[in-house]
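Q: I'd like to go through this one with you, starting with the ligand and then moving on to the aromatic rings. Could you take me through it step by step?
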Amino acid sequence: MQIHLINPNTTVSMTEKIGEAATRIAAPGTTIVATNPRSGPVSIESHFDEAISAVGVAEEVLAGERENTDAYIIACFGDPGLLAARELTHAPVIGIAEAAFHMATLISTRFSIVTTLGRTGIIAEHLLQSYGFSHHCRRIRAAEIPVLDLEESKNQALDRIIEECLRAKAEDNIGAIVLGCGGMADLRQQIQKAVGLPIVEGVTAAVKLAESLVSLQLGTSKHGDLDYPRPKAFTGQFEHLSQRTY
Ligand code: 2AL
């Protein structure tokens with residue numbers, strides 16, 4: 001089974017780290033291919049970053065379709081370009097935020113999210129609403145660390161995340177915590193040990209969900225709105241997508 005893990009930001013060290021965390025949790029026989037777009041933001045911390053990164057995600061899926069890809073994972077907590085990516089393939093495509101929300105509700109009735117910067121909280125809030133998980137989430141918290149601090153000041157970042165998770169445990173009346181950034185993929189076990197609550201992390205959750213869907217031979221439905229896009233003209237820098245049939 002081949003899972004194409006797309007880190008939507010362009011920081012290669014983060015892609016490698018996420019790929020390693022995914023490989024450690026994957027079943028024997030699962031190959032993780034971790035990539036990131038060639039162009040785009042080095043980290044995704046705003047609606048603008050997210051909009052630009054969604055194009056890169058779509059391009060990575062189109063590249064994956066030329067390989068033997070069985071499933072895709074979008075490894076950014078805003079799930080950028082998720083529905084567009086689903087239109088481009090019959091393989092399952094899983095966003096790490098939706099994977100984490102689903103798993104958290106299987107082990108708890110209420111969870112809080114601990115993300116990076118406070119300003120990205122609204123992105124998680126919109127996803128909770130559109131996926132129908134709002135009433136399961138007590139609070140969206142931020143460790144107030146920029147995404148790239150997870151690469152550059154890892155120990156301080158880990159301390160801040162643990163601090164915020166302990167506050168969530170004490171104040172939020174929750175059963176579990178969802179980590180709100182793909183760059184936290186390697187920290188789950190350490191945080192769970194320090195906090196003493198189930199810690200759900202989206203990259204690892206998505207790997208196990210992707211493996212399940214592939215085993216069950218369930219892929220993205222091509223019946224209705226997730227069918228392949230209609231061929232049409234594209235102009236300018238997207239001209240290469242013109243009249244494309246999938
Ligand atoms: C993210 C993420 O998961 N990767 C990234 O670059 N930005 N989102 C976040 N809330 O930190």
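A: Before the contacts themselves, a cut-off is needed: a polar contact is a pair of N or O atoms within 3.5 Å. Please also keep in mind that this is a predicted model.

Q: OK, how far is the ligand oxygen from the side chain of Asn9?
A: An N or O atom in the Asn9 side chain lies 2.8 Å from an oxygen atom of the ligand, which is within the 3.5 Å cut-off.

Q: And what are the distances for Thr115 and Thr116?
A: For Thr115, a polar side-chain atom is 3.1 Å from a nitrogen atom of the ligand, while the side chain of Thr116 places an N or O atom 2.7 Å from a ligand oxygen.

Q: How much of the ligand's accessible area does the protein cover?
A: On its own the ligand has 300 Å² of accessible area, and the protein covers 96% of that. The ligand sits in the largest cavity.

Q: Switching topic, how many aromatic pairs turn up in the whole structure?
A: The search finds 5 aromatic pairs, and one of them is the stacked pair of Phe101 and Phe111, with 5.8 Å centre to centre and 15° between the planes.

Q: What does that pair tie together?
A: Phe101 belongs to helix α4 (residues 96-107) and Phe111 to strand β5 (residues 111-115), so the pair ties together parts that are 10 residues apart in sequence.

Definitions and conventions
Residues numbered from 1 in each chain as written. Predicted model: local features only at pLDDT ≥ 70, side-chain atom pairs only at ≥ 80, totals over all residues. Heavy atoms only, no water. Polar contact = N/O pair within 3.5 Å; in protein donor to acceptor, adjacent residues only side chain to side chain. Areas by Shrake-Rupley, 256 points an atom, 1.4 Å probe, with all protein chains shown as cover. 1 Å grid on protein atoms, 1.4 Å probe; cavity = no way out; pocket = protein on both sides within 12 Å on 5 of 7 lines; lining within 4 Å. Sits in = over half its atoms within 2 Å of the grid points. Phe/Tyr/Trp six-rings, centres within 6.5 Å; stacked < 30°, edge-to-face > 60°. Helix = DSSP H or I, 4+ residues; strand = E, 2+ residues; numbered from the N terminus.
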